[in-house]
Amino acid sequence: GFAVPCAELLDELAQYEHVVEVGAGTGYMTQLMRHRGIRVIGSDIEWRGPNGYGFETGAHDALQINGVEAKTMVRRYPESTVFCSWPSLRLTWFRQALKAMKIGQKIVVIREGACAEETAWQYLDDCFEQTTTINLPVFETMSDYVSVHVKKRNRSR
C-alpha cells in the first residue's frame, strides 16, 4: 500500500483483545501490531513465495497462516476484530469475509478507491455501521484512510 502506518491506526487496533488480519500479504502490518503488543494473527490465501503481486507472502511474519481463505479465518476467530488493508481489487474474498462475520463483530479496514470490488463496499454499507474514520498520512495524490465498522445485520436491506 501507499499509506504511511501511523500511531492513530495502531492505537485503534490496540483497543481490541485479539485481531485477525486477513489479506496480510507480507505480514508487515501484522509485525507492526505485534511490536506494539497487540495480540494478532495474520493470514493470506497465497502460499509463501513470490506471487502475482511481486512480493513474498509472509516475508515479515514467520507465524502467518497462508493458504487459508479470509472467510475461514473470520469463522475460526469469531470473537476477534478483523483487520484488512487494501482488499484486492476486483476479487470477492473481502465480501465473503464480511458475510462470514457475526453480528457485533468489528472490522478495521484500510481503504481507498482502487481496492476490493463494488459489491463488497455495498455490503459493508448495508450491513455494518461505521463508528470511526482515521485519516492516514499519505503520499501526495493518495486518498487512503481507515474506517472502523461493526456488523449490524447479515443481509442487505
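1. A residue counts as buried when its relative accessible area is under 20%. In this predicted model, Ala116 has a relative accessible area of 1%, and it is therefore buried. Ala116 belongs to the loop between β7 and α5. Its phi is near 60°, which is a positive value in a residue other than glycine. Most residues other than glycine have a negative phi.

2. Trp86 sits in the loop between β6 and α4.

3. The next point is the nonpolar core. The largest one has 25 residues, and those touching the most other members are Val22, Phe94, Leu98, Ile107 and Phe128. Two or more residues each come from α3 (70–76), β6 (81–85), α4 (93–100), β7 (106–111) and α5 (118–127). There is also a second, separate core, made of 17 residues, and Cys6, Leu9, Met33 and Val146 are among them. In soluble globular proteins, nonpolar side chains tend to be buried together.

4. Phe128 deserves a paragraph of its own. This residue lies in strand β8 and is buried, with a relative accessible area of 6%. Which residues does Phe128 contact, leaving aside its neighbours within four places in sequence? They are Leu98, Met101, Gln105, Ile107, Tyr123, His149, Val150, Lys151 and Lys152. Two of these, Leu98 and Ile107, are named with Phe128 among the core residues that touch the most other members. Lys151 stands 23 residues from Phe128 along the chain, yet the C-alpha atoms of the two are separated by 4.2 Å.

5. Helix α4 is largely enclosed by the rest of the structure, because six of its eight residues are buried. The six are Trp93, Phe94, Arg95, Ala97, Leu98 and Ala100. What covers the buried residues of α4? The covering elements include α3, β6, β7, α5, β8 (128–135) and β9 (145–151).

6. The crossing of α4 past α5 is left-handed. On the α4 side the contact is made by Phe94, Arg95, Leu98 and Lys99, and on the α5 side by Thr119, Ala120, Trp121, Tyr123 and Leu124. By type, the residues of this contact are six nonpolar, one polar and two charged. Phe94 and Leu98, which take part in this contact, are also listed among the core residues that touch the most other members.

7. The last point concerns helix α2 (residues 28–36), where Thr30 is found. Thr30 has 0% relative accessibility and so counts as buried. Which residues does Thr30 touch, not counting those up to four places away in sequence? Thr30 touches Glu21, Ala24, Val40, Gly42 and Asp61.

Technical notes:
Residues numbered from 1 in each chain as written. Predicted model: local features only at pLDDT ≥ 70, side-chain atom pairs only at ≥ 80, totals over all residues. Heavy atoms only, no water. Core = buried A, V, L, I, M, F, W, Y, C linked by side-chain atoms within 4.5 Å. Buried < 20%, exposed > 50% of the residue type's maximum accessible area, 1.4 Å probe, protein only. Helix = DSSP H or I, 4+ residues; strand = E, 2+ residues; numbered from the N terminus. Contact = heavy atoms within 4.5 Å. Left-handed = near helix turned anticlockwise from the far one by under 90°. Nonpolar A, V, L, I, M, F, W, Y, C, P; charged D, E, K, R; others polar.
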